[in-house]
Amino acid sequence: AARALGELERRVRELKGVPLQILSFDATHPALRSTCPFPPLPVGRVSRLGPRCVYPDPFNPVQGGMPVVRRGQDVFEVIIRFESSSRWPDDVAAVARIKTAFYIQMHRAFVTEYSDMAACAAHDHVDLFFAGFSFRLRIHYPRELAHRTS
């Protein structure tokens with residue numbers, strides 16, 4: 001899992017079409033922080049058929065092009081922090097929309113640049129299936145918490 005995370009980090013940092021540089025890429029799952037006594041093992045591969053991503057298992061078809069995380073499979077959370085920009089809005093709802101736009105842009109970049117990954121964008125994260133593991137990327141914006149509390 002650590003090797004897959006390292007390769008994923010390299011790929012995320014090299015993505016084209018993401019307007020800001022990545023400052024930090026931090027894994028939160030215990031297996032990726034070397035504190036899990038029984039780290040999860042990789043599961044079956046994802047094959048790509050046009051715009052749809054499907055597991056080789058016929059009992060887990062993908063609906064609407066979204067990769068399915070198998071029941072019981074660990075999802076490795078990764079927190080991404082971008083460089084600061086004066087263009088970030090001060091409104092909490094606007095920040096959420098900007099983050100969603102980033103997730104959509106990252107999804108498009110992953111799908112077009114890498115054929116060995118399955119990606120699915122949501123309003124608050126992007127899920128990736130890579131090297132037998134599921135990763136959930138979330139964006140951390142430090143001033144968002146301050147905006148929420150004020």
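**Close-ups: salt bridges and a pocket**

Eight salt bridges turn up in this predicted model, counting a side-chain nitrogen of Lys or Arg within 4 Å of a carboxyl oxygen of Asp or Glu. Local features need pLDDT of at least 70 and side-chain atom pairs pLDDT 80 or more, while totals for chains, interfaces and linings use all residues. Residue numbers start from 1 along each chain as its sequence is written, and side-chain values use heavy atoms, with hydrogens and water left out.

**View 1. Arg10 and Glu7 pair up within helix H1.** The closest N and O atoms of this salt bridge are 2.4 Å apart. Both residues sit in H1 (residues 2-13), and because they are three residues apart there, about one helical turn separates them. Helices here are DSSP runs of H or I with at least four residues, strands are E runs with at least two, and both are numbered from the N terminus. Arg10 is partly exposed at 37% relative accessible area, and Glu7 is partly exposed too, at 25%. For these labels, buried means under 20% relative accessible area, exposed over 50%, and partly exposed in between, with a 1.4 Å probe and protein chains only.

**View 2. Arg138 reaches Glu77 from another strand.** Here the salt bridge brings the closest N and O atoms to 3.0 Å. Arg138 belongs to strand S7 (residues 133-140) and Glu77 to strand S4 (residues 75-82), so the pair ties together parts 61 residues apart in sequence. Arg138 is partly exposed at 22% relative accessibility, and Glu77 is partly exposed at 23%.

**View 3. Arg136 and Asp127 make a buried pair.** Their salt bridge has its closest N and O atoms 2.7 Å apart.

**View 4. A salt-bridge network takes in Glu7.** Shared partners join Glu7, Arg10, Arg11, Glu14 and Asp116 into one network.

**View 5. The largest pocket holds about 190 Å³ of space.** Its lining is made up of Pro19, Leu20, Ser85, Arg87, Trp88, Pro89, Ile98, Ala101, Phe102 and Gln105. By class, that gives seven nonpolar, two polar and one charged residues. Nonpolar covers Ala, Val, Leu, Ile, Met, Phe, Trp, Tyr, Cys and Pro, charged covers Asp, Glu, Lys and Arg, and the others, Gly among them, are polar. A pocket is an open set of points on a 1 Å grid over the protein atoms alone, where a 1.4 Å probe fits, with protein on both sides within 12 Å along at least five of seven lines; lining residues have an atom within 4 Å of a point. Points are joined across faces, edges and corners, and the volume is the space filled by probe spheres set on them.
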